[in-house]
Amino acid sequence: MNRKKIILISFNWANHFSLALGYLKAYAYKQPSIRENADIEIIDFDTEILNVQQVIYYLSQSRPDIVGFSCYCWNILKVLDTARILKTLYPGIKIVLGGPEVGSIGTKYLRENPFIDAVIKGEGEITFTELLKAYLGSGRIDEIQGITYRAGDHIIENPDRPPIEDLSDIPSPYLEGILIPRDRVTYLETYRRCMFRCHYCFEGKNLPKLRFFPEDRVQKEIELILSNPEIRTFHFVDTVFNFKKDRLERIVNMISHANRYGTELRTVEIIAEFVDEETAALFKKARVKSVETGPQTVNEDTLQKVNRFYKADKFRRGVRLLEENGIEVTSDLIIGLPGDNFFKFVKSAKTIMDMQPTNVVFSILHVLPGTILYEKSNKFGLKFDDKAPHLVLDVPDFPYQDLDKAVIMAYSLEKEYNIKPPSANG
């Protein structure tokens, strides 16, 4: 049997790389039938620098048999252009899509794009491996949970796959040598999903509990990363880095003991309300340089509608404690949440800026597939563009014209607020 060439592709923003594709390759290579009969390559393309023709030229040199794409709302248009041209040039190629943009609406993507062969729903490690085995001739596609696929003129959606119960089954792409730690673009994940169920986010939806990677594995990954003096910064991609203090303390001790070169931890997602003096001291011990946090809105009725956690006094205290410990705080606000209007948005912006975080970031609501807002958009009275990136167009009490004014105002506020005075040594 000729070895099959498989390429996994992610279009990313500059200086971002795909941890998810590393997991897919690491898990697939656990199977001797795949390891012995296929070569898997991971490619991260810069979505801003490279155009589709350049990507096609690169792929034409390899002539892959199977191409898998990691799909998000910000890269799906480039993914579809690339896949369409690939299929035109090489009709026998298998095109597989996965990721949050496509998983929950795979039937829609297959129906609208005849060049797609299969879409993976939810966590992809087991599903992608079983799909590869089927394409390699040692499995049946109709028996694979968690996929939507094309069978002749028909589109078939198989039952969902339950979440992976034991995350230790997924090999570490770093410890396996599949991903090489690099400065600024090394990401660690210590658990999956979220303790909250915000309606604009898909992280916590339909998943009964948090699942954790073994702490001895996390420790080995931390030690591997921090043993390299060229890595000056790295990141955690956990949904809430500080959700539980005793666990945070164990992770911080792992970092502190291994951190012989003064490597910084940048831009972890946190809940500011959970920050007290002890937590701020732990962040400082871990050399956390910057954090990102909500609240997305400060308006009570909106918070209730979207099931968002926010406690004003505790949030303010958390921001103050972090800033006092030299940790940069980026606070996020979303324009267009159901329950908000133009003046409520202005109130949120003023309230947060009065707290004086380091940076404020505004974004318009993306009504993302797989979220409660997407699935129940009629109930919430949302009108949105069903084409990625799924921007909201009209909300009760927040019509299109007011949304547009809010976006223009937010652009100016963000630019003005985030300008930093020159340093004393500048």
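Colleague: How much accessible surface does the chain have, and what share belongs to carbon and sulfur atoms?

Modeller: About 19800 Å², with 50% belonging to carbon and sulfur atoms. Accessible areas come from the Shrake-Rupley method with a 1.4 Å probe, and for residues only the protein chains shown count as cover. This is a predicted model, so local features need pLDDT of at least 70 and side-chain atom pairs count only at pLDDT 80 or more, while totals for chains, interfaces and linings use all residues. Residues are numbered from 1 along each chain as its sequence is written, and side-chain values use heavy atoms, with hydrogens and water left out.

Colleague: What radius of gyration does the chain have?

Modeller: 22 Å, which agrees with the value near 22 Å for a compact globule of 426 residues. The radius is taken over C-alpha atoms, and the globule rule is 2.2 Å times the number of residues to the power 0.38.

Colleague: How many helices and strands?

Modeller: There are 15 helices and 18 strands. These are DSSP runs numbered from the N terminus: helices are H or I with at least four residues, strands are E with at least two.

Colleague: What percentage of the residues is buried?

Modeller: 52% of the 426 residues. Buried means under 20% relative accessible area, exposed over 50%, partly exposed in between (1.4 Å probe, protein chains only).

Colleague: Switching to Asn 75. Where is Asn 75 found?

Modeller: In the loop between strand E3 (66-70) and helix H4 (76-89). Asn 75 counts as buried because its relative accessibility is 0%.

Colleague: What does the side chain of Asn 75 reach?

Modeller: The backbone nitrogen of Tyr 72, at 2.8 Å. Leaving aside neighbours within four places in sequence, Asn 75 is in contact (heavy atoms within 4.5 Å) with Phe 11 and Ser 70.

Colleague: And Asp 166, buried or partly exposed?

Modeller: Partly exposed, at 38% relative accessible area. Asp 166 sits in the loop between strands E7 (154-157) and E8 (187-188). Its side chain makes a polar contact with the side chain of Ser 168 at 2.6 Å. A polar contact is a pair of N or O atoms within 3.5 Å; within protein, one must be able to donate a hydrogen and the other to accept it, and residues adjacent in sequence count only if both atoms are side-chain atoms.

Colleague: Last one: which strand holds Val 329?

Modeller: Strand E15, residues 328-335. Val 329 is buried, with a relative accessible area of 1%. Not counting residues up to four places away in sequence, Val 329 touches several residues, among them Val 291, Leu 322 and Pro 357.
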